Amino acid sequence: MSDLTKEVFDLGTRQSEDLLSYLKRESDSILSWGLGFIQVKCGDVNYNFYHDEVQKFSSAQAPHSHQRDFVSEILKGEVHEILWDVREGDKVAYCGCGNLLAQDKLLDYSLSSTVVHSRGDLYLRCKDEFHTITAKHGTVTKVVKYGGRGNAYIIALREVEAINHVSKSLAWRIVEECLSV
């Protein structure tokens with residue numbers, strides 16, 4: 001629980017604070033993953049800031065699952081999501097979560113549905129569901145993770161390309177710009 005949340009319970013009141021100040025004070029890390037957004041981690045909550053300057057791997061739009069179940073809230077902008085039906089097949093899916101003991105899987109996929117999530121929308125994804133996401137420049141999402149960890153899979157060739165990850169100072173500038181767009 002964040003210090004700000006603890007203070008609310010202790011004092012019975014909440015101080016007003018803008019999101020940028022909160023993130024700078026409470027963040028565990030600020031990173032770019034090669035997915036077109038800056039991620040600010042605050043415990044089990046991630047804030048994602050989509051920006052055209054943040055590079056993407058060529059497989060950034062490949063169907064993938066996640067390590068944990070999550071609820072995503074669209075704070076600003078719009079997210080386009082494609083949901084995939086996944087089954088055993090002949091396409092290689094590798095573990096994208098850093099688990100070196102995880103075995104590659106052979107999977108295949110077909111389009112299940114497409115959804116557009118707009119400001120104020122919430123959506124739930126379970127860790128075994130496969131999806132892809134695209135978001136407009138300036139989109140901001142809040143992702144709350146739940147439950148135990150599993151292996152996250154990406155149905156694509158393993159990345160071998162180099163991505164220029166942004167510096168911490170540039171990452172904060174991008175966050176600030178996304179909040180003001």
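**Notebook: ring pairs and the sheet**

I looked for aromatic pairs first, and the structure, which is a predicted model, holds 3 of them.

I took up Phe70 and Tyr123, whose ring centres lie 6.3 Å apart with the planes at 75°, so I noted this pair as edge-to-face, given that planes over 60 degrees apart count as such. Phe70 belongs to strand S4 and Tyr123 to strand S7, so the pair ties together parts that are 53 residues apart in sequence. I then looked up the accessibility of both: Phe70, at 5%, counts as buried, and Tyr123, at 9%, counts as buried too.

Next I turned to Trp84 and Tyr109, where the ring centres are 5.0 Å apart and the planes stand at 80°, so this pair is edge-to-face. Trp84 sits in strand S5 (residues 78-95) and Tyr109 in strand S6 (residues 105-118), so parts 25 residues apart in sequence are tied together. Trp84 is buried at 18% relative accessibility, whereas Tyr109 is partly exposed at 26%. I also found Lys91 over the face of Tyr109, at 5.8 Å from the ring centre.

I then followed the open sheet, in which 6 strands with antiparallel pairing come in the order S1-S2-S3-S9-S4-S7. I marked S1 (29-32) and S7 (122-125) as the edge strands, since each pairs on one side only. Between S4 (residues 69-76) and S9 (residues 140-146) I found 7 bridges, and Ser72 stands opposite Val143 in S9.

Last, I checked the confidence: the mean pLDDT of the chain is 90, and among its elements helix H1 (residues 3-11) has the lowest mean, 67, while S4 has the highest, 98.

How values were computed:
Residues are numbered from 1 along each chain as its sequence is written. This is a predicted model: local features need pLDDT of at least 70, side-chain atom pairs count only at pLDDT 80 or more; totals for chains, interfaces and linings use all residues. Side-chain values use heavy atoms; hydrogens and water are left out. Two strands pair if DSSP finds at least two bridges between them. Helices (H or I, at least four residues) and strands (E, at least two) are DSSP runs, numbered from the N terminus. pLDDT is the predictor's confidence in each residue, from 0 to 100. Rings of Phe, Tyr and Trp (its six-membered ring) pair if their centres lie within 6.5 Å; planes under 30 degrees apart count as stacked, over 60 as edge-to-face and the rest as tilted. Buried means under 20% relative accessible area, exposed over 50%, partly exposed in between (1.4 Å probe, protein chains only). A charge sits over a ring if NZ of Lys or CZ of Arg is within 6 Å of the ring centre and within 35 degrees of the ring normal.
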